[in-house]
Amino acid sequence: MFRTMRRKNQALSQQENIAILQKATSGTLALLGDNNYTYAVPLSYVYHNNKIFFHCAKTGHKIDAIKKHNKVSFCIIEQDNIIPEKYTTYFKSVIVFGTVHILENESEKRTAIEILAEKYSPHQKEGRLKEIDRELKQLCMIELNIEHISGKQAIELAKQNTQ
């Protein structure tokens, strides 16, 4: 169903892919938007139990696109070091494919926002819980169920890892 990577020697392992998903703080969500144009939007997220959660407003382009077509991709660039003298970049990136849906259940929504908030404010438990209590009603939480993950690194990094 999903394409295999053409340059397999540059593929990241699933363990490396997950580590990048856990570590990174932002990525780009690609959706099918208005008039069938791709709509790619950067956002903060959290990876948890083979799912990605993010929050947004209850209305707007992203929500309209999700309601229209729930298949998406999500891309994270963990490393992108430009090496001018070699005319290349030393990169590591991960792309996720899956389906998204809006969390309607209040308990699921609360759990998801608590996981997300903990990632970005790990030492502010009391403050983040107060903020969640105050904002939960107007908050929209989206869940991305991962179907496929693929990660790739620059050939130079791949060679370093095998030495």
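**Cores and aromatic pairs**

K119 lies over the face of Y45, at 4.2 Å from the ring centre; such a charge over a ring requires NZ of Lys or CZ of Arg within 6 Å of the ring centre and within 35 degrees of the ring normal. The model is predicted, so local features need pLDDT of at least 70 and side-chain atom pairs pLDDT 80 or more, whereas totals for chains, interfaces and linings use all residues. Residues are numbered from 1 along each chain as its sequence is written, and side-chain values use heavy atoms, without hydrogens or water.

Y45 also pairs with F74 in an edge-to-face arrangement, at 5.0 Å centre to centre and 75 degrees between the planes. Rings of Phe, Tyr and Trp (its six-membered ring) pair if their centres lie within 6.5 Å, with planes under 30 degrees apart termed stacked, over 60 edge-to-face and the rest tilted. Both Y45 and F74 are buried, meaning under 20% relative accessible area, against over 50% for exposed and partly exposed in between (1.4 Å probe, protein chains only).

In the largest nonpolar core, which has 29 residues, L21 and Y45 touch the most other members. Such a core is a set of buried Ala, Val, Leu, Ile, Met, Phe, Trp, Tyr and Cys residues joined through side-chain atoms within 4.5 Å. A second, separate core of twelve residues includes V46, A112, I132 and M141.
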